[in-house]
Amino acid sequence: MNFDNLYGPIPKVETHNTVRAFKEKDGRYRLIGSQCADCGQIWFPRRFICPKCHGQNLQPYACAQGGEIVVSWVDNMGFPTIGYEDIDDRLIAMIRLDDGIHIIAEIAECKRVLPKGTRVQLVIRQQKRDDTGNLVYGYKFKISE
Ligand SMILES: [Zn+2]
């Protein structure tokens with residue numbers, strides 16, 4: 001008997017890759033993306049091959065640390081999510097940075113939906129616990145003063 005159809009696909013629990021988390025720390029802490037030296041296009045997260053011109057000549061690029069909200073929504077999974085145990089409702093937003101890059105991130109210290117165009121700035125906050133119990137820090141945004 002095939003139980004795959006009976007119960008459907010088993011959701012895979014998010015796995016934390018320590019090596020990858022370490023290698024991506026510049027992007028997670030400082031929004032370091034990539035800029036193509038051939039066509040000038042900027043990317044975040046970082047790339048190794050330019051999706052636009054297929055060049056391999058990419059340099060680190062520090063993204064703008066401020067931007068404005070395109071759309072925001074309160075995210076509640078409806079059940080305790082692994083690693084985020086002490087956080088229930090989270091305000092997630094798509095943000096257009098000042099250099100044109102779009103990024104989806106959590107808005108810290110705010111739980112209500114914000115209007116389009118609200119100015120936000122980069123902050124570093126605790127994001128979750130990884131599988132080994134260590135705290136993972138990374139970028140979030142907060143409303144600019
Ligand atoms: Zn390019």
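**Strands, zinc and rings: worked exercises**

**Exercise 1.** In which sense do strand β5 (residues 90–97) and strand β6 (residues 102–107) pair, and over how many bridges?

*Solution.* Start with the pairing: β5 and β6 run antiparallel, joined over six bridges. Strands here are DSSP E runs of at least two residues, and helices are H or I runs of at least four, numbered from the N terminus. Two strands pair if DSSP finds at least two bridges between them. Next, pick a bridge: A93 has A105 in β6 as its partner. Finally, look at the turn: the hairpin has four residues between its strands, and G100 takes a positive phi near 100° there.

Before going on, some ground rules: this is a predicted model, with local features needing pLDDT of at least 70 and side-chain atom pairs counting only at pLDDT 80 or more, while totals for chains, interfaces and linings use all residues. Residues are numbered from 1 along each chain as its sequence is written, and side-chain values use heavy atoms, leaving out hydrogens and water.

**Exercise 2.** What is the strand order in the open sheet of three strands?

*Solution.* Reading across, the order is β2-β1-β3, with antiparallel pairing. That puts β2 and β3 at the edges, each pairing on one side only. Now zoom in on β1 and β3: five bridges join them. At one of these strands, β3, L58 is the bridge partner of C36.

**Exercise 3.** Which residues are the protein donors of the zinc ion, and what is the geometry of its site?

*Solution.* First, list the donors (N, O and S atoms within 2.8 Å of the metal, or 3.2 Å for Na, K and Ca; water is not among the atoms, so sites may look incomplete). They are the SG atoms of C36, C39, C50 and C53, lying 2.3 Å from the zinc ion. Along the chain, the spacing reads C-x2-C-x10-C-x2-C.

Then check the angles. Four donors count as tetrahedral if all angles lie between 85 and 135 degrees. Here the angles are 104 to 117°, and the site is tetrahedral.

Last, check exposure. Buried means under 20% relative accessible area, exposed over 50%, and partly exposed in between, using a 1.4 Å probe and protein chains only. C39, at 32%, is partly exposed, whereas C50, at 0%, is buried.

**Exercise 4.** How many aromatic pairs does a search of the whole structure find?

*Solution.* The search turns up one. Ring centres of Phe, Tyr and Trp (its six-membered ring) must lie within 6.5 Å; planes under 30 degrees apart are stacked, over 60 edge-to-face, and the rest tilted. F44 and Y139 have ring centres 5.9 Å apart and planes at 70°, so they are edge-to-face. F44 sits in the loop between β2 and β3, Y139 in strand β8 (residues 135–143), 95 residues away. Both F44 and Y139 are buried.

**Exercise 5.** Which ring does K25 lie over, and which does R28?

*Solution.* Apply the test: NZ of Lys or CZ of Arg must be within 6 Å of the ring centre and within 35 degrees of the ring normal. K25 lies over the face of F22, 4.3 Å from the ring centre. The charged end of R28 sits over the ring of Y29, 5.2 Å from its centre.

Methods: Tetrahedral: all angles 85-135°; square planar, octahedral: opposite > 155°, others 65-115°.
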